[in-house]
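User: Hi! I'm new to this one, could you walk me through it?

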Amino acid sequence: MNECVFCKIANKEIKSYKVYQGKEFIVFMDIFPPTFDDKITMPTVIIATRKHYGSNVFEDSPEKIFLKAMKLTRRVARAMQLALKPERVCLMTEGMEINHFHIKLYAVYKDFYQGYLSSIKGPENKTTQADKKWLKQTAKKIRIALKEIKKAEKQKK
Ligand SMILES: [Zn+2]
């Protein structure tokens, strides 16, 4: 039995707030984005492979998959920039908790930049899950921007 959470998300056994679905990749909202004082400071999007590879992305995946993931990541980052208007979108590939190939994109705003990324809130040490309505709406915004970018890319050719 496969207990990998991201495999379950890819197989639709666990609900996710999708931004993009393709043959090889699935892009969805991180339900535990960084927070400060109960507010989401950095909306976070996850780009994951449908197939299971280890989370040390530089070592655990075929180059072809990595390069494809990077190309998709760039496109999603540009959609986040367009949809969410952060100072900039930042990329991270750590995967220390979930051992499944994934890349994280953070929409980072100047006012909330804490110099670290965490969903732990204050002294109680509780994690803060994002509001479902907010996740749904934000995923939708990025989906729309993603379509616009794809269209613009097609027109360039
Ligand atoms: Zn997996």
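**A first tour**

User: Let's pick a spot to start. Where does K12 sit?
Analyst: K12 is in the loop between α1 and β1.

User: What's its phi like?
Analyst: This is a predicted model, and in it K12 has a positive phi of about 65° without being a glycine.

User: Is K12 buried or exposed?
Analyst: K12 counts as exposed, because it has 11 C-beta neighbours inside 10 Å.

User: Which other residue has a positive phi like that?
Analyst: K85 has one, with phi near 50°, and K85 is a residue other than glycine too. You'll find K85 in the loop between α3 and β6. K85 counts as exposed, since it has 9 C-beta neighbours inside 10 Å.

User: OK, zooming out. How many helices and strands are there?
Analyst: The protein chain has four helices and nine strands. Going from the N terminus, the order is α-β-β-β-β-β-α-α-β-β-β-β-α.

User: And how do strands come together in a sheet?
Analyst: Five strands make an open sheet, in the order β1-β2-β5-β7-β6, with antiparallel pairing.

User: Which strands stand at the edges?
Analyst: β1 and β6 do. Each has a single partner strand, so one side of each has no neighbour in the sheet. Neighbouring strands of this sheet are turned by 15° against each other on average, ignoring direction.

User: Switching topic: what does α4 lie across?
Analyst: α4 lies across β1, β2 and β5, and runs at about 40° to β1.

User: Which residues of α4 are buried?
Analyst: L135, T138, A139, I142, A145 and L146. The buried residues of α4 pack against β1, β2, β5 and α3.

User: How does the span of α4 compare with what it should be?
Analyst: It agrees: at 1.5 Å a residue, the 25 residues of α4 should span 36 Å, and the end C-alpha atoms of α4 are 36 Å apart.

User: I keep noticing Y17. Where is that one?
Analyst: Y17 is in the loop between α1 and β1. Y17 is partly exposed, because 19 other C-beta atoms lie within 10 Å.

User: What does Y17 touch, leaving aside its neighbours within four places in sequence?
Analyst: Y17 is in contact with F28, M29, L135, K136 and A139. Also, the C-alpha atoms of Y17 and I31 are separated by 8.4 Å, with the two residues 14 apart along the chain.

User: Now the inside. Which residues of the largest nonpolar core touch the most other members?
Analyst: That core has 35 residues, and V19, V27, V45, V76, M80 and I142 touch the most other members. The elements giving two or more residues to this core are α1, β1, β2, β5, α3, β7 and α4.

User: Which element gives the largest share?
Analyst: α3, with six residues.

User: And what is M80 in contact with, beyond its neighbours within four places?
Analyst: M80 is in contact with V45, V89, L105, A107 and I142.

User: Last one: what share of the protein chain counts as buried?
Analyst: Of its 157 residues, 33% count as buried. As for contacts with a separation of 6 or more, 64% are between residues 24 or more positions apart.

Terms used:
Residues are numbered from 1 along each chain as its sequence is written. This is a predicted model: local features need pLDDT of at least 70, side-chain atom pairs count only at pLDDT 80 or more; totals for chains, interfaces and linings use all residues. A nonpolar core is a set of buried Ala, Val, Leu, Ile, Met, Phe, Trp, Tyr and Cys residues joined through C-beta atoms within 7 Å. A residue is buried if 20 or more other C-beta atoms lie within 10 Å of its own, exposed if 12 or fewer, and partly exposed in between; C-beta atoms are placed from the backbone. Two residues are in contact if their C-beta atoms, placed from the backbone, lie within 7 Å. The expected span of a helix is 1.5 Å times one less than its number of residues. Two strands pair if DSSP finds at least two bridges between them. Axes are lines fitted to C-alpha atoms, for helices over the stretch in contact, and angles run from 0 to 180 degrees between N-to-C directions.
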